[in-house]
Amino acid sequence: MTDPAEHPITAEVIARLQSTPDPRMRALMVSLTRHLHAFARETRLTEAEWFDAIRFLTAVGQKCDDTRQEFILLSDVLGLSMVVTDQNNAKPEGCTEPTVFGPFHVENAPRFELGQDVSGGAAGEPCWVSGHIRGPRGEPVPHATIDVWQADAEGFYDVQRPGLGRHQARGVLQADADGGYRFWTIVAEAYPIPTDGPVGRLLEATGRHPWRPAHLHFMISAPGYERLITHVFRRGGEYLDSDAVFGVRPSLVADWVRREPGVAPDGSRRDTPYHTLDFDFTLNPAT
């Protein structure tokens with residue numbers, strides 16, 4: 001049973017929030033207050049549990065730095081990131097679906113010309129990635145900016161390697177006049193999200209695994225179109241049905257095709273096996 005004596009506290013907090021100048025902030029704070037108080041009453045939250053939650057959130061903040069965003073990771077594993085992504089990125093049918101941003105994007109990544117290798121010596125088998133960027137009527141989107149990043153074959157992003165001193169498996173390219181793009185990188189592999197912090201302890205406490213299916217990140221922007229943040233996932237890999245951050249969409253699953261040594265799509269000769277990934281993106285016009 002809910003204790004009626006607790007309701008006046010909620011009402012008083014909400015009353016004091018009515019002087020908030022910004023209407024949107026007022027609405028957000030009122031709703032947050034109602035839901036937080038309701039959660040505490042519904043679960044009969046104890047003082048010890050409340051203090052444990054404060055310690056947990058403090059630890060999440062302390063784990064954040066220039067290369068690690070533990071709060072984004074927390075939002076991801078709770079499914080909140082995908083809820084926000086879905087409700088803010090409704091696309092017409094045929095447009096490429098978005099998914100979570102993730103905690104390992106880096107601003108001002110190195111720029112590459114089309115056809116160059118963005119891997120920077122990262123561990124993994126070579127992979128040729130290519131495709132086109134188009135609008136919803138099939139029109140090419142010329143000169144779109146393409147930001148790509150991924151983990152290496154050992155499951156680490158470059159920013160997770162202390163002392164590396166350079167970027168690996170990430171870069172920024174610009175599509176050609178026909179919307180085409182192409183570059184060399186490495187084959188995507190499944191990897192666990194970082195478990196050495198409070199989010200990892202939360203997953204362990206709730207009996208969940210930390211694994212993400214193999215994927216390659218893309219962020220694509222072009223004048224006149226909405227920015228697209230998404231992944232391309234590797235078909236046939238593990239964890240497609242149990243992604244730790246709920247980011248998989250069937251339309252984003254594609255084939256990484258293994259090729260034998262020989263002449264690659266860019267005309268170069270490969271003495272070892274390599275893979276190819278061909279994936280087209282459809283952007284939504286900006287409104």
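By salt bridge I mean a side-chain nitrogen of Lys or Arg within 4 Å of a carboxyl oxygen of Asp or Glu. Arg134 sits in strand 1, and Asp280 in the loop between strand 13 (274-278) and strand 14 (281-282), so this pair ties together parts that are 146 residues apart in sequence. Both partners are partly exposed, Arg134 at 29% relative accessibility and Asp280 at 35%. On that scale, buried is under 20% relative accessible area, exposed is over 50%, and partly exposed is in between, with a 1.4 Å probe and protein chains only.

Before going on, the ground rules. This is a predicted model, where local features need pLDDT of at least 70 and side-chain atom pairs count only at pLDDT 80 or more, while totals for chains, interfaces and linings use all residues. Residues are numbered from 1 along each chain as its sequence is written, and side-chain values use heavy atoms, with hydrogens and water left out.

Now the overall picture. The protein has 6 helices and 14 strands; these are DSSP runs numbered from the N terminus, helices being H or I with at least four residues and strands being E with at least two. The C-alpha trace spans about 75 × 40 × 35 Å along its principal axes. Of its 287 residues, 41% count as buried. Among contacts with a separation of 6 or more, 70% come from residues 24 or more positions apart, a contact being heavy atoms within 4.5 Å. The protein exposes about 15,600 Å², with carbon and sulfur atoms supplying 54% of it; areas are from the Shrake-Rupley method with a 1.4 Å probe, and for residues only the protein chains shown count as cover.

Back to salt bridges. The count comes to 17. One of them joins Lys63 to Asp196, with the closest N and O atoms 3.6 Å apart. Lys63 lies in helix 3 and Asp196 in the loop between strand 5 (191-192) and helix 6 (198-205), so the pair ties together parts 133 residues apart in sequence. Lys63 is partly exposed, at 27%. Another bridge is Glu189 with Arg234, at 3.5 Å from N to O. Here Glu189 is in the loop between strand 4 and strand 5 and Arg234 is in strand 8, so parts 45 residues apart in sequence are tied together. Glu189 is partly exposed at 32%, and Arg234 is partly exposed at 21%. There is also a network: salt bridges with shared partners join Lys63, Arg68, Glu70 and Asp196.

What about the inside? In soluble globular proteins, nonpolar side chains tend to be buried together. The largest nonpolar core here has 28 residues, and those with the most contacts inside it are Ile133, Tyr181, Phe183, Phe218, Ile220 and Phe281. Elements giving two or more residues to this core are strand 1 (126-134), strand 2 (145-149), strand 4 (180-186), strand 7 (215-221) and strand 8 (228-234). Apart from it lies another core, of 11 residues, including Leu73, Val100, Leu203 and Ala244. A nonpolar core means buried Ala, Val, Leu, Ile, Met, Phe, Trp, Tyr and Cys residues joined through side-chain atoms within 4.5 Å.

Leaving aside neighbours within four places in sequence, Phe183 is in contact with residues including Gly115, Val129, Val148, Leu173 and Phe218. Leu203 is in helix 6 and is buried, at 2% relative accessibility. Not counting residues up to four places away in sequence, Leu203 touches Val77, Ile193, Arg208, His209 and Pro210.

On the surface, Phe39, Leu45, Trp50, Phe51 and Ile54 form a nonpolar patch with about 480 Å² of accessible area together. Patch residues have over 30% relative accessible area and no salt bridge; like charges are joined within 9 Å, and nonpolar side chains (Val, Leu, Ile, Met, Phe, Trp, Tyr) within 5 Å. Helix 3 (residues 47-63) gives the most to the patch, with 3 residues. Phe51 is in helix 3 and is partly exposed, at 41%.

Last, the cysteines. How many disulfides does the structure hold? The number is 0, with a disulfide taken as a pair of cysteine sulfur atoms within 2.5 Å. Cys64 is partly exposed at 24%, whereas Cys95 is buried at 9%.
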